[in-house]
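Please keep the structure in view while reading.

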Amino acid sequence: ILIAGNAFFGTSFQFPDSTTVFVARLLPDGRIDTTFGTNGIVYQRYEHDCRSSLLGDVVVDADDRIILSGGSYTPYPGVYGGATYCSHNINVCCYLPNGQPDPSFGKNGKLELPYTGGRAVALHIDELSRIMVAGVINAGVPVEPGYTLFYRLLPDGTPDTTFANNGRFVKYIFGISGSSEPVGIIKAKDHYYCGFVDVAQGDHLWFGLMRLHEYGKIDSLFGKNGLFKSYGWLPGTLYQINQVHSVNDQAFYLSGYYSKLSQDNMMIVKIRTDETVSSKELVLINNDQRIRIFPNPVKGDKVQISYERDVEKEPLLIQLTDMQGRLMYRQWMSFDDATQELA
């Protein structure tokens, strides 16, 4: 059992306290596995000039290597809130299954991504063992990081030049009052899906999901210019998304909490991304049934539905919901004619 997190160093919460990232391995009965790392634990500092190294994410690849990344702050926890940070490049660390640094990765298991002053918040390993790093950087400006970063690496740590701009994707994504930050990333088929919140650190006014093509370009057909954004779902509410998950390539879940009237409540949001056959119509096929919905996307206030199959046609229950899942239209429809029109 692998566990990872942050460990305190020092005798009080004041200077010279610091934190370091740790990874530990437990045996099935819960005892520490002393054959891993040093007596069962690995400690990692990204930069010694920054007093606090914090874990962003940790993943295990197909060869059981352990890969982690995150960011640094100074000091912690006294003024930790995103305003005080260390503007060093993002580090990605790789360990062999026994907890020792992988000498084939970066410099003795530690890789510094150039021109990435900021922090990593999520990692993903795809089916080819490529490493996707998602984070937020300052793009060379000495301010709190605010530019979204995706950086794809080959298994040995070299940039994957087939992704975006020599392995690197950088974009400023505006939220409600400022920049946005990714909170998780997964891959389904030939797309990456990344969760977002606005304004780094703390609670947020909106959350969303972005889709990128596998080669590192935003998919403009998804949501609005590649980004599904939810704002004002519950007026006067703040949100925090902690994880992005999927059970297939058409349904994605954002999990976290929302805060209202000083109360925190668990929240799970489901977003469907059913794919279209063409930009002109949506075709749904189930056994001997073929349902065509057009135009897609809808233009104006009318939509056409065609229900095609060889045997006698039974009525269909048509239900339309908005992006928040609220029922907007519900009616049984017969399809004696080839096409029905909804207005």
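A charge is said to sit over a ring if NZ of Lys or CZ of Arg is within 6 Å of the ring centre and within 35 degrees of the ring normal. The model is predicted: local features need pLDDT of at least 70, side-chain atom pairs count only at pLDDT 80 or more, and totals for chains, interfaces and linings use all residues. Residues are numbered from 1 along each chain as its sequence is written, and side-chain values use heavy atoms, with hydrogens and water left out.

**Charges over rings**
- K229 lies over the face of W206, 4.8 Å from the ring centre.
- The ring of Y192 has the charged end of K187 over it, at 5.8 Å from its centre.

**Aromatic pairs**
- Rings of Phe, Tyr and Trp (its six-membered ring) pair if their centres lie within 6.5 Å; planes under 30 degrees apart count as stacked, over 60 as edge-to-face and the rest as tilted.
- The structure holds six aromatic pairs. One of them joins F207 and Y239 edge-to-face, with 5.0 Å from centre to centre and 70° between the planes.
- This pair links distant parts of the chain, since F207 belongs to strand β13 (residues 206-213) and Y239 to strand β15 (residues 238-246), 32 residues apart. Strands (E, at least two residues) are DSSP runs, numbered from the N terminus.
- Buried means under 20% relative accessible area, exposed over 50%, and partly exposed in between (1.4 Å probe, protein chains only). F207 counts as buried because its relative accessibility is 1%, and Y239 is buried at 0%.
- One aromatic cluster is formed by Y193, F222 and F252.

**An open sheet**
- Strands of a sheet pair through backbone hydrogen bonds, either parallel or antiparallel. Two strands count as paired if DSSP finds at least two bridges between them.
- Three strands form an open sheet in the order β15-β16-β17, with antiparallel pairing. β15 and β17 (263-272) stand at the edges with a single partner strand each, so one side of each has no neighbour in the sheet.
- β15 pairs with strand β16 (residues 251-260) over eight bridges, in the antiparallel sense. Within β16, Y258 is the bridge partner of Y239.

**Cysteines**
- A disulfide is a pair of cysteine sulfur atoms within 2.5 Å. How many disulfides does a search of the whole structure find? The search finds zero.
- The closest cysteine sulfur to that of C93 is in C94, 9.0 Å away, which is too far for a bond.
- C93 is buried, with a relative accessible area of 0%, and C194 is buried, with a relative accessible area of 0%.

Terms used. Helices (H or I, at least four residues) and strands (E, at least two) are DSSP runs, numbered from the N terminus.
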